Amino acid sequence: MKPDLATDRDESTVLVDLGDRSYPIHISTGATGRIAAALEKTLGQTSHALLIHDAAVEPWAEAVAAQIRSDTLRVDIASVPSGEPSKSIAQYQELLDWMLERGADRRSVVIAVGGGVIGDLAGFVAASFARGIRFVQVPTTLLAMVDSSVGGKTGINLSGAKNMVGAFWQPELVWIDTLAMKTLPDRSYLSGLAEVIKYGVIDDAAFFDDLESNAAALVERDPEVLRYAIRQSCLSKARVVGEDERETSGRRAILNYGHTFAHAIEATAGYGTLLHGEAVSIGMQMAASLAIQLDLCDPGVLERQTQLLQACRLPITFPAADAAAMLPVMMRDKKVAHGKLRFILPTKIGHVELVGDVDPAEVETAIRAHR
Ligand SMILES: NC(=O)c1ccc[n+]([C@@H]2O[C@H](COP(=O)([O-])OP(=O)(O)OC[C@H]3O[C@@H](n4cnc5c(N)ncnc54)[C@H](O)[C@@H]3O)[C@@H](O)[C@H]2O)c1
Ligand SMILES: O=C(O)C(=O)C[C@@H](O)[C@H](O)[C@H](O)COP(=O)(O)O
Ligand SMILES: [Zn+2]
């Protein structure tokens with residue numbers, strides 16, 4: 001079925017300010033009928049686009065392709081199987097071979113249409129093909145709209161380590177149209193709310209308050225509340241990425257709140273068993289418990305976080321969590337420095353810190369608290 005591209009004209013733009021790598025995040029409900037003009041404005045004249053999409057959003061990808069295809073712009077389309085296992089070396093290689101076969105060159109542009117899996121995978125293809133070609137993010141999940149399409153972290157998984165192979169490679173444009181979410185299943189939609197709540201805990205106490213007040217509307221996908229949540233999340237992410245693009249100063253690491261636990265859960269449970277956002281929800285619970293154990297914050301932080309996650313119907317425990325299996329995987333976390341684990345831990349709602357040299361016994365206790 002062809003998606004309805006009707007617009008309600010409520011649009012805004014957030015700038016990711018990175019000097020000559022700056023780009024806009026365009027947020028709308030129904031502006032995809034104007035994506036061709038936006039692409040031309042951003043990229044100038046382009047003759048070849050390689051559109052890589054999640055198999056589940058084929059109609060949306062076809063609609064985007066129909067908008068941009070012209071006598072002067074050829075659009076090739078590749079469909080990728082849905083799900084986390086597609087962030088693999090095998091799928092990456094298949095796409096590179098396809099790019100070569102389709103005659104891609106340094107003037108071609110990759111367009112990623114899908115959730116975080118497609119954005120990360122297609123972004124890494126763009127980052128590495130011919131040593132890097134331009135790419136555009138067209139996110140179709142809430143999680144991709146609020147997080148993965150912004151900031152230029154691209155990559156694929158190794159069997160025992162999430163996102164272990166990849167590159168920082170910024171898109172030229174992020175095109176968010178919330179109409180794409182009309183077909184998004186509840187489980188995937190709700191998992192995106194975990195990363196939304198993350199911004200409240202790490203960076204914006206007032207936003208956390210708003211989320212508490214509007215949790216029911218958010219779960220019901222109220223369009224106005226949703227656009228507000230997407231915009232606030234993108235503002236937070238853009239600001240943090242603008243301050244520390246490649247996670248060198250430690251500032252960007254705050255976006256990793258809950259992720260040391262989450263990535264270990266994802267890898268040990270098997271990729272795709274839990275959605276990334278679900279693992280992040282449980283990981284944030286473990287991180288908040290660890291912070292309380294280390295006397296960094298009071299239990300009220302965990303209580304408020306628990307209530308908001310539950311109001312958003314997110315999981316807060318993982319009964320199969322296996323601390324003995326998770327700890328060695330956690331040692332491969334990208335924040336590990338000089339062989340020591342480092343965690344992003346809250347001191348209060350709206351503020352987190354990078355904490356090093358944590359006793360593994362405390363980590364095990366925090367994992368067990370949420371089994
Ligand atoms: N690069 C980053 O900064 C960053 C940030 C956060 C997460 N991530 C990565 O993102 C991935 C998770 O992203 P996700 O939650 O979007 O998962 P996903 O890409 O797997 O999408 C979730 C599910 O929704 C389906 N889907 C997507 N759009 C749809 C639509 N509009 N209608 C119907 N079905 C649709 C997909 O087929 C899939 O089954 C993880 O690999 C995670 O590591 C990356
Ligand atoms: O953009 C970032 O920086 C993040 O940490 C955002 C996370 O939500 C995201 O899951 C990211 O892919 C994790 O990065 P990694 O460096 O820990 O693999
Ligand atoms: Zn994440």
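User: Which residues are found around ligand 2?
Analyst: Residues are numbered from 1 along each chain as its sequence is written, while chains are lettered from A and ligands numbered from 1 in the order in which they are written. This is a predicted model, in which local features need pLDDT of at least 70 and side-chain atom pairs count only at pLDDT 80 or more, though totals for chains, interfaces and linings use all residues. A residue is near a molecule if its C-beta atom, placed from the backbone, lies within 6 Å of it. Around ligand 2, that gives Asp147, Gly151, Lys153, Lys162, Asn163, Glu195, Arg252, Leu255, Asn256, His259 and Lys334.

User: How many residues of the shell around ligand 2 are charged?
Analyst: Let's sort them: Ala, Val, Leu, Ile, Met, Phe, Trp, Tyr, Cys and Pro count as nonpolar, Asp, Glu, Lys and Arg as charged, and the others, Gly among them, as polar. In the shell around ligand 2, one residue is nonpolar and four are polar, and the number of charged residues is six.

User: Which residues come nearest to ligand 1?
Analyst: Helices supply part of its shell: α4 (116–128), α5 (142–148), α6 (186–203) and α10 (276–293) each give at least two residues. Here helices (H or I, at least four residues) and strands (E, at least two) are DSSP runs, numbered from the N terminus. Of the 31 residues around ligand 1, the nearest are Ala56, Ser82, Gly115, Gly116 and Ser148.

User: Where does UniProt place the feature "binding site"?
Analyst: The entry is unreviewed; UniProt positions are given in the numbering used here, feature names are shortened, and annotations may be inferred rather than shown by experiment. The sites span 82 residues in sequence, yet no two of their C-alpha atoms are more than 10.4 Å apart, so they gather at one spot. UniProt lists Glu195, His259 and His276.

User: Is His276 buried or exposed?
Analyst: His276 lies in helix α10 and touches Gly116, Leu143, Ser191 and Glu266, not counting residues up to four places away in sequence. A residue is buried if 20 or more other C-beta atoms lie within 10 Å of its own, exposed if 12 or fewer, and partly exposed in between, with C-beta atoms placed from the backbone. His276 has 30 C-beta neighbours inside 10 Å, so His276 is buried.

User: Which residues of the largest nonpolar core touch the most other members?
Analyst: A nonpolar core is a set of buried Ala, Val, Leu, Ile, Met, Phe, Trp, Tyr and Cys residues joined through C-beta atoms within 7 Å. Of the 116 residues in the largest one, those touching the most other members are Ile52, Val110, Val113, Val125, Ile265 and Ala287.

Methods
Two residues are in contact if their C-beta atoms, placed from the backbone, lie within 7 Å.
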